[in-house]
Protein chains: 2
Amino acid sequence: MHILIIGAAGMIGRKLTERLARDGTLNGLPIERLDLVDVAPPTAPSDAAFEVNAAAADLSEPATAARLVADKPDVIFHLAAIVSGEAEADFDKGYRINLDGTRFLLEAIRRASYVPRLVFTSSIAVFGAPFPASRVPDDFNLTPLTSYGTQKAICELLLADYTRKGFVDGVGLRFPTIVVRPGAPNKAASGFFSGIIREPLSGIEAVLPVGDDVRHWLASPRAAVGFLVHAAGLDGAAIGPRRNITLPGVEVTVGEMIEGLKKVAGETVASRIRREPDPAVSKIISGWPEAFEAKRSLELGFTADADFEAIVRAHIEDEREGSFVE
Amino acid sequence: MHILIIGAAGMIGRKLTERLARDGTLNGLPIERLDLVDVAPPTAPSDAAFEVNAAAADLSEPATAARLVADKPDVIFHLAAIVSGEAEADFDKGYRINLDGTRFLLEAIRRASYVPRLVFTSSIAVFGAPFPASRVPDDFNLTPLTSYGTQKAICELLLADYTRKGFVDGVGLRFPTIVVRPGAPNKAASGFFSGIIREPLSGIEAVLPVGDDVRHWLASPRAAVGFLVHAAGLDGAAIGPRRNITLPGVEVTVGEMIEGLKKVAGETVASRIRREPDPAVSKIISGWPEAFEAKRSLELGFTADADFEAIVRAHIEDEREGSFVE
């Protein structure tokens, strides 16, 4: 099996790469070759038992996509995007990378005259307020309130149409917000959801820009990689024509997140969260959905983290070698 | 008031032009100038009391849009598109005209640094089966099953995002199927909905390619022009961020349409309909929605035809000078 990861240098891309190197297979099929690309050159895993090619490539350049699919990878993970804050700040860059880049990829696959499985990372930002009082159903309309969400929604529509026409075998995944993201904060408005767990566990103060009652839909990086792997192996006929799937998540309020952190790591760690309301962040977050039915994803076999404490523990295990600063 | 109609040579464009020439005003404001463009040169009305400029222009050429908005029309009606059958048959042409053309227009408006009201004609083809058992609600998801529907859905998303960013003041209208279309059949899969009324009234046999139980959502050309005029004058604040509106229509089955034709024009006229099932047409139609709640459009003051007989009578009045072949 030949796999291509576009956006391989990002957090999820790196974790997916690590998992594929560790497993040596994808849904039971042996991996022979893995191509890793990103605007910054991705790091190839040292322990892979298969061929790995890592290279810098900019998908928003019209010629890039044809080169990436020239050797006809069987499975393509398209994770490349600029995040919501940056897409909101730089309108042209957002459309160039998040929309045009994806369209170039779809066209290159069509022109290559073969039909790979394409797993595309979309986002719950395709939805926008006002939401129903209960969990958002799978058939809720696409009314994004950010350019990022708009670009993801458009790519979903393209993915479904190219799949319907038989040009690609696409699956779009509406990821929950990924928490706890390791490493340095990124420009996403959702960054604090990770920061208030990650920084306190490192002995560092974290700023909480929204109220404790903010409710959101989360998945660990470990669960996110699981979603991608599962999507790569799904039977297209079972998915049907609605190719974009809202994934399962853990529904929590910020207050419940802090309680979960206390349970796993204690009062002292949780006391490192400082409340400093930021109306700009609150405004963006208020346009986001809080929780989903995600029925189709469960029927298709996707599985969420057990609860928020499991998300905190996964972070401590996967990123902190099992320990934290008490 | 300076008005631009893109797609002015099409059926709705011509009827909108006629109405503006007749009224001399748009929602009470006097019209000073009307620009008409289409790929084929539109015909300027002879009786207009204001300046009219008619010219051929291809919106899918990247340089066209900037020229069209150079004089900053206050209201732009963007009606230009290739129809569903053609967009399905020619994938590249569909995306070039129905998607890229609209995107060029939005960008040109943004670059012109002013904020006109842009009325965009979308379609109920943005929705796709399976549908709820009851009427489709306003917040139903966008899962088109044609390239045409996909292109319209993408343009809706762009229109909403450009409006949200303050680059344009857009309103997207999801038109019911327009019946009775005058003139020759076009390539739309929905063509028979007009044909089975128009041809029999002209003494000509019409072919019905689907069953009598097919249910659909219709508006007369007269109502369609009314929708466009109403949309041009809507208060943007009243619309809110969800800029794309499912319009009200008349819900009928093909059997009820034939009954309506009988009531208005008699048995002999209705007997000119010949049943000749076409599985290809039936397949396309089966992916279309049957009826809508359209609550928001009614709240915003859009009004449908009274019933299907009113649609037949409007055709006889507006297109046949009050008579038909008995």
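User: How many salt bridges are counted between chain A and chain B?

Analyst: In this predicted model, the count between chain A and chain B is 10 salt bridges. One of the pairs is formed by the side chains of Glu88(A) and Arg164(B), with an N to O distance of 2.8 Å.

User: How should I read the size of an interface?

Analyst: Size is often given as the accessible area lost when the parts come together. Here the area buried between chain A and chain B is about 3,000 Å², with carbon and sulfur atoms giving 52% of that area. In chain A, Phe91(A), Leu157(A) and Arg242(A) lose the most area to chain B, together 22% of what that side buries. In terms of contacts, 35 residues of chain A meet 35 residues of chain B.

User: Turning to helix 9 of chain A, what span does it reach, and which of its residues are buried?

Analyst: Helix 9 (residues 254-265) of chain A has 12 residues and reaches 16 Å from its first C-alpha to its last, close to the 16 Å expected. Its buried residues include Val254(A), Met257(A), Ile258(A), Leu261(A) and Val264(A). After helix 9 of chain A comes Gly266(A), whose phi is positive, near 100 degrees.

Key:
Residues are numbered from 1 along each chain as its sequence is written. Chains are lettered from A and ligands numbered from 1 in the order in which they are written. This is a predicted model: local features need pLDDT of at least 70, side-chain atom pairs count only at pLDDT 80 or more; totals for chains, interfaces and linings use all residues. Side-chain values use heavy atoms; hydrogens and water are left out. Contact means heavy atoms within 4.5 Å. Buried area is the accessible area (1.4 Å probe) that two parts lose on being put together, summed over both. A salt bridge is a side-chain nitrogen of Lys or Arg within 4 Å of a carboxyl oxygen of Asp or Glu. Helices (H or I, at least four residues) and strands (E, at least two) are DSSP runs, numbered from the N terminus. The expected span of a helix is 1.5 Å times one less than its number of residues. Buried means under 20% relative accessible area, exposed over 50%, partly exposed in between (1.4 Å probe, protein chains only).
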